[in-house]
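This report follows the contact between two chains, then the parts of each chain that bear on it. The sequence and structure come first.

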Amino acid sequence: MLQEQIPDLAKYVEPDRVRREVYTDPDIFELEMQRIHERVWIYCGHETQIPKAGDYYTVQLGRQPMLMVRASDGKIHVLYNRCPHRGNMMCGDRKGNAGDFFRCSYHAWTFQHDGRLRSIPMMESGYAGTRFGKDNPDCSMKRAARVENYRGFVFASLASDGPSLQEFLGASKVAFDDMCDRAPEGEVEIVPNCFRVIQHSNWKIFLENQLDALHPSVTHQSTGRAAHEVEKMIAAKAKKGEAPLSYHMLSAFATVTIDKWDAFQTLNYPYGHCILTGYMGLRPQDPDTLAYDKIMIAKYGQKRFEEIVNVNIHHVLIYPGLSVQSPLQQLRAVRPLSVDRTLTEIWHFRLKGAPEAIYRRSLAYYNLVNSPSTLVNADDLENFWKCHQGLSSNGGDWVTFGRHLGRDIDKNGVVETAPNCGTSEAPMRNQMKAWAEYMRG
Amino acid sequence: MAKVKKSAVAAKAGSGKGNGRDVQYDVEQFLYRQAELLDSKQWQPWIDLFADDGVYWMPPEPSYKTWDGQPAIFAEDKNLMTVRMKRVLHPDAWSQRPLWETNHVVSNVVVEKVLPNGDLHVRSRFHMMELRRDDVRHFAGAYRHELQKTSNGYRIKLQRVDMTNAQAAYDYVLQVWV
């Protein structure tokens, strides 16, 4: 139906530009939810969010309200948050513990953690001779078609067909490998706090910004300069002559000037995933880092240790819903709410077995950059809103992605930006290529 | 805040040099001044209300006991406050360009504790209305101030801000301190 309303969707995407309606048309948004977010692998959460049997977390996949729940046997299930009886939402809280089973607040139907019907009040007398009861799968809570877990990170797909999670992730799984490998115990653990921030713009505008290497020194100049001034002030006063690393994370927005960003590189993969290599892979030589290095070398050996800490990643974008900063152990999950509203859920992790000081680095970034009082994202969100406003107008029909077009290097389907083309708009071109493929249906 | 402690002011009133009413009056004037400085965007005088080692803290939920080493919406010493101030004053702080105003009301001021040296623990309630472009938002919650008595009046050692809406999703972000 919707397809007929939106004829020739393919014409909306050209290799170097995209029609504005792709960002602003509510019908296209509905179709995106059907064909992308309710089909592909979407991040639900980390297994350590629900450590005990009965623990659950609600999560929105596309337009579908879901529950990620831990069963008594330790298995994680993803269910539609809905009672099959009269459609009542099963869990009204954002997170909690369901106890030994789910119990609907309306008529007390109960369900196992895997969604199977457990009991109905007076089931025999009430339902004998009807088609309703334990043998009818329609009387159980519906499950996500597929659930897979990669190194503790749980994904679900609401479609029974399509690539496996590992096939889908491809090279982008380095986001999780990089995070987990940096932990002496090879695992990460969630810090149980989720910052949730709503952007007043289409979900794709956020994703396109994540690997946009041209924007930081423009958008974030005010914070970069302010942090740099204070950083110098602290350094002048301090005996050791250095401000905490967190100041460096902020001042880099100003000290890494616009021309230097071309030195970075983006790698662009099938399904729209992209990696920005770059400066977060810094290796300071302070005592905290050296203490951590020692633990890591003892655990992994010198050779493997070097491999692990030399993974050079700033950002990994797992299209269409996850932005991961693995060297700082944080991620932002993208939940489109409507064509012009997008919720981001922001989490960070502890490296199991790493010293407290290493965690605190990640924490500083989480608080300063990713909290609702962010010193950085405030200006991004302002730009996103302005983008959405501009695209809603008749002032032009296209969004263009032409920077360094024609200079990208295609290596067997992986598009690498050429040397000194780090600000290439290749990641946006790559995301829209995947979008068009999904939307063809 | 989860638990409300019984007021110590009645017991302590009159036991110090001044009487309890003077303390109450001074504290209220101090809190009103702090609110006024925020609403009039006098950032440096606002920062100057803090002791040199003072901290402004907004926990993500009421159960948190310390700002140190945990997620925080704000956990800022004077250096970080200075970064924030310099940032919002920078001409290219894009999110600061549009019309943006706040209005704080502070009330329910209770002096919880008067220490022998004159330092105070004070709790109060606030309501902040914010205007940004054409949008109005409301934030409300509890302040808890640990105040140091100095020859120049009170200085803030720790200001804890428990937002009633701390755990709700933030529709857009917070620009400066609440």
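## The contact between the chains

Chain A contributes 33 residues to the contact and chain B contributes 25 residues; two residues are in contact if their C-beta atoms, placed from the backbone, lie within 7 Å. The model is predicted: local features need pLDDT of at least 70, side-chain atom pairs count only at pLDDT 80 or more, and totals for chains, interfaces and linings use all residues. Residues are numbered from 1 along each chain as its sequence is written, while chains are lettered from A and ligands numbered from 1 in the order in which they are written.

On the side of chain A that touches chain B, at least two residues each come from β14 (195-199), α9 (221-237), α13 (356-370) and α14 (377-391) of chain A. Helices (H or I, at least four residues) and strands (E, at least two) are DSSP runs, numbered from the N terminus. The largest share, nine residues, is supplied by α9(A). By class, this side of chain A holds 15 nonpolar, twelve polar and six charged residues. Ala, Val, Leu, Ile, Met, Phe, Trp, Tyr, Cys and Pro count as nonpolar, Asp, Glu, Lys and Arg as charged, and the others, Gly among them, as polar.

## Strand and helix pairs across the contact

β14(A) runs parallel to strand β7 (residues 170-171) of chain B, and two bridges join them; strands pair if DSSP finds at least two bridges between them. Val197(A) has Tyr170(B) as its bridge partner in β7(B).

The axes of α9(A) and helix α4 (residues 78-89) of chain B are 8 Å apart, and the two helices pack at an angle of about 145°. Axes are lines fitted to C-alpha atoms, for helices over the stretch in contact, and angles run from 0 to 180 degrees between N-to-C directions. On the α9(A) side the contact includes Ala226(A), Val230(A) and Ile234(A), and on the α4(B) side Thr82(B), Val83(B) and Arg87(B) are among the residues involved. This helix contact has five nonpolar, four polar and three charged residues.

## Thr82(B) in helix α4

Thr82(B) belongs to helix α4 of chain B. Is Thr82(B) buried or exposed? Thr82(B) is buried, because 20 other C-beta atoms lie within 10 Å; the cut-offs are 20 or more for buried, 12 or fewer for exposed, and partly exposed in between, with C-beta atoms placed from the backbone.

Not counting residues up to four places away in sequence, Thr82(B) touches Val230(A) and Ile47(B). Ile47(B) is 35 residues from Thr82(B) along the chain, and their C-alpha atoms are separated by 7.8 Å.

## The sheet of chain B

Helix α4(B) lies across β1 (50-58) and β2 of chain B, at about 70° to β1(B). An open sheet of six strands in chain B has the order β2-β1-β6-β5-β4-β3, with mixed pairing. β2 (74-76) and β3 (100-114) of chain B are at the edges with a single partner strand each, so one side of each has no neighbour in the sheet. On average, neighbouring strands of this sheet are turned by 20° against each other, direction ignored.

Strands β4 (residues 120-132) and β5 (residues 135-150) of chain B run antiparallel and are joined by 13 bridges. Ser124(B) is opposite Tyr143(B) in β5(B).
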